[in-house]
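Colleague: I've got this one open on my screen and would like to talk through how it packs. Can you take me through it?

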Amino acid sequence: MPNSVNLRRILLVLAFCAVFLNADAKDLTSLEVASGEIEIHSQEGRPFDLPREAFIHWVHMAAEAVTAYYGQYPVPHVDIEITPDEGHGVHDGTAYAHDGGLITVSVGRHSTQSELDEDWVMTHEMVHLAFPRLDESHKWLEEGLATYVEPFGRIQTGSLTPEHVWGDLVQGLPQGLPKAGDQGLDFTHTWGRTYWGGALFCLEADIEIRKRTQGQKGLVDALRAILQAGGNIREYWGIEPTLKIGDDAVGVPVLVEQYHRWRATPVTIDLEALWKQLGVERHGRRIIFNDTAPLASVRREITDRHDAG
């Protein structure tokens with residue numbers, strides 16, 4: 001018996017298939033971003049309070065964020081199926097390898113423009129397009145990457161500020177720390193360890209790459225190399241060969257070494273000490289940066305705009 005999340009995903013795919021089988025029941029809009037083509041499908045008429053243009057802008061901004069981070073759009077073509085749901089906001093989304101790339105997203109019928117502008121789901125799902133599918137035991141890396149890269153991609157387009165992004169990491173990453181009885185990331189598949197534990201792995205790797213290369217390379221360079229080698233959602237790869245491509249691109253074996261440490265052992269990070277080193281200081285609800293901190297330059301490098309590579 002599928003759980004509620006899997007059932008929702010099944011229903012979204014069935015809705016997508018129904019739309020394609022009945023051409024008269026869909027509105028179709030095509031976008032081109034860098035070298036990628038995006039086809040947006042939604043129900044005919046006005047199932048939402050917002051006009052179609054609001055959804056086109058939402059998808060376009062997510063595509064621009066992912067393109068800015070990776071230096072290219074991840075796949076030549078992706079279909080995006082937007083289905084109406086009750087209430088407000090973006091409810092959930094899933095990325096599939098179907099036909100080279102498919103993203104299904106459910107959105108509340110009464111969503112506002114600000115709710116779309118502040119959404120992270122569409123960008124998160126597009127990041128999934130930029131990485132190969134792995135064995136189910138490595139789901140933490142797929143989801144952790146999407147959780148980590150999404151806000152830094154949105155920084156590239158000005159949709160988020162560094163203060164906002166680091167504030168979210170300060171709040172979210174403690175959920176990724178191992179709890180009593182947890183094992184390594186390959187063996188503990190709770191929600192917190194999968195999404196935030198995977199994101200913590202990415203942050204640690206990003207920092208270590210920048211330290212070992214004296215700021216010349218970062219995780220973004222490793223991920224770009226994996227994508228340029230053909231590693232997108234259409235492919236099914238092994239985790240170690242995938243990580244080695246990234247390591248070879250940055251010239252230091254951080255990803256494979258860190259994977260060996262984290263895969264079966266519950267690694268705990270002193271996050272308060274890490275924030276102090278990075279110069280990320282929390283004052284109530286505000287984040288203030290200390291540019292005299294030992295790793296302040298690394299923090300700035302992570303949020304710098306990237307060239308096309």
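Modeller: First, a term: a nonpolar core is a set of buried Ala, Val, Leu, Ile, Met, Phe, Trp, Tyr and Cys residues joined through side-chain atoms within 4.5 Å, where buried means under 20% relative accessible area with a 1.4 Å probe, protein chains only. This is a predicted model, where local features need pLDDT of at least 70, side-chain atom pairs count only at pLDDT 80 or more, and totals for chains, interfaces and linings use all residues. Residues are numbered from 1 along each chain as its sequence is written, and side-chain values use heavy atoms, leaving out hydrogens and water.

Colleague: How do H7 and H11 lie relative to each other?

Modeller: Helix H7 (residues 191-212) and helix H11 (residues 271-278) pack with their axes 13 Å apart, at an angle of about 40°. Angles under 35 degrees count as roughly parallel, over 145 as roughly antiparallel and 65 to 115 as roughly perpendicular, with the rest oblique. H7 and H11 are therefore oblique.

Colleague: And which residues of H11 make the contact?

Modeller: Contact means heavy atoms within 4.5 Å. H7 brings Leu 200, Leu 203, Glu 204 and Ile 207. From H11 come Leu 271, Leu 274, Trp 275 and Leu 278.

Colleague: What percentage of the protein chain counts as buried?

Modeller: The protein chain has 309 residues. By the cut-off above, the buried share is 53%.

Methods. Axes are lines fitted to C-alpha atoms, for helices over the stretch in contact, and angles run from 0 to 180 degrees between N-to-C directions. Helices (H or I, at least four residues) and strands (E, at least two) are DSSP runs, numbered from the N terminus. Buried means under 20% relative accessible area, exposed over 50%, partly exposed in between (1.4 Å probe, protein chains only).
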